[in-house]
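Please consult the sequence and the structure shown below while reading.

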Amino acid sequence: MKNQDLENLQNLAIFLLTAACFFSPSLQANQNIEDENLQQTVDYLNNLKDSSAVTADKFGELAVQSNGGRMKPLATLNREIIQKLSGKASFLGMDANQLIIGMLSNPNVWKDVKIIKIQTPKLKKFLNIDTHENYISFSEAFGSDGTYLLAQEAEKALLTKPIERGTYEKDVIKTDEKLNIIYSVFNGTLFNIYPKVKDSNNLNDDNYKWYSPLEAIETFEGENQFAIDSITRGLINSIIENKWEDANNFIDMIALYQDKIGSDVKPSKSKIDAEIMFNKIDIFFKLTIAYMILGLVMLVVAFIIIFKPEFKPKKTTTIFFIILATLFALHTFGMGYRWVLSGHAPWSNIYETLVYISWSAVFASVIFFRKSLLALSAGVIIAGIFMFTAHLTDVDPQITTLVPVLKSYWL
């Protein structure tokens, strides 16, 4: 973590802790206050879960520009953030959009919500966390005086050669990154949702760069600055006050602003909807389960047929082949879907490469081994293993822009 980021993290922690202490009426009533705060947090989370679904969905339909320049639905970014923090696409019974609008509007509550996944017992012990806990909150990474507890550990881990890093060092680095991400969610710097009005008098102006709310308020001038300030504050206040209709109206204003100012690069509504649907289908994860189950069943049946040929059911291979062909067609559809969304062939990063290798394994099995149930099952299991590897927490599944070295017609 950079020094500036570390300083910002510590400042935010000090502010949140100071605010919590400021509103405490008596040191002798700490236990009662903690119980009351816990109940208030539970009530807040339940209310957010029950009331925010419509607003959260509208929020997810806004366009956002990633750091790499890719335009995508805000729902995609929200999903990536929550998966990075918790290892899940949803958490506490809420989807990613609901969780993010909660964090944006009320960081003083979410700093104490255990959503950051950690793994190694050594790190849990270092942070004085119960070894049975799998998640920590943002505030648990800081001391009572706002000191960032992982500062030295993260520095040591980063200075260690990658080949020499153990599970503890890797977990420290991941946790440090997650804390940086959730801090960026609290202050909104990850959400580049505001395009800048084109400056025809300045040819060097980056007309296609989109800005986060705070950047836009600091950078833009005149009526645009005032409008963005008013819309952003209005949206946050409406969510805090549970005025969901007002919040919906402010989201519509942001969408209108994006259409008017950023129409040159903003994806069409159909493409936004298509990517949101792709995220909801989660086709590759479901194929992982299907491949593993089908492969194991085929393997068992193949061994039964080998040792007891008289029990061979009629057309067994044909039935399995039809099922596998259907899964392969869905796999091909998913890769084509991702190709359309990304604008380039789906083998530009580790996740896409693993998915492609899995597709190739099934393709080879269907073409060359369709008459051998044993060989066919082996190919399906291999495909399932590669798909399972693609969905490990270390592999980033997000769609990214194509790096220059891969912009070749040979691919």
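## Salt bridges in the predicted model

The model is predicted, and the count of salt bridges in it comes to 13. Side chains of opposite charge can pair when their charged atoms come close.

## A pair between distant parts of the chain

Lys114 and Glu140 form a salt bridge through their side chains, with an N to O distance of 2.7 Å. The two residues are 26 residues apart and link distant parts of the chain. Lys114 belongs to the loop between α6 (107-110) and β5 (116-117), and Glu140 to the loop between β6 (135-136) and α8 (151-159).

Both partners fall into the partly exposed class: Lys114 has a relative accessible area of 30%, and Glu140 has a relative accessibility of 22%.

## A pair within helix α11

A salt bridge also joins Arg233 to Asp229, where the closest N and O atoms are 2.5 Å apart. Both residues lie in helix α11 (residues 222-240), separated by 4 residues, or about one turn of the helix.

Arg233 has a relative accessibility of 54% and is therefore exposed, the cut-off being over 50%. Asp229, with a relative accessible area of 22%, is partly exposed.

## The pair of Lys243 and Glu241

In the salt bridge between Lys243 and Glu241, the closest N and O atoms are 3.2 Å apart. Lys243 is partly exposed at a relative accessible area of 41%; Glu241 is likewise partly exposed, at 46%.

How values were computed:
Residues are numbered from 1 along each chain as its sequence is written. This is a predicted model: local features need pLDDT of at least 70, side-chain atom pairs count only at pLDDT 80 or more; totals for chains, interfaces and linings use all residues. Side-chain values use heavy atoms; hydrogens and water are left out. A salt bridge is a side-chain nitrogen of Lys or Arg within 4 Å of a carboxyl oxygen of Asp or Glu. Buried means under 20% relative accessible area, exposed over 50%, partly exposed in between (1.4 Å probe, protein chains only).
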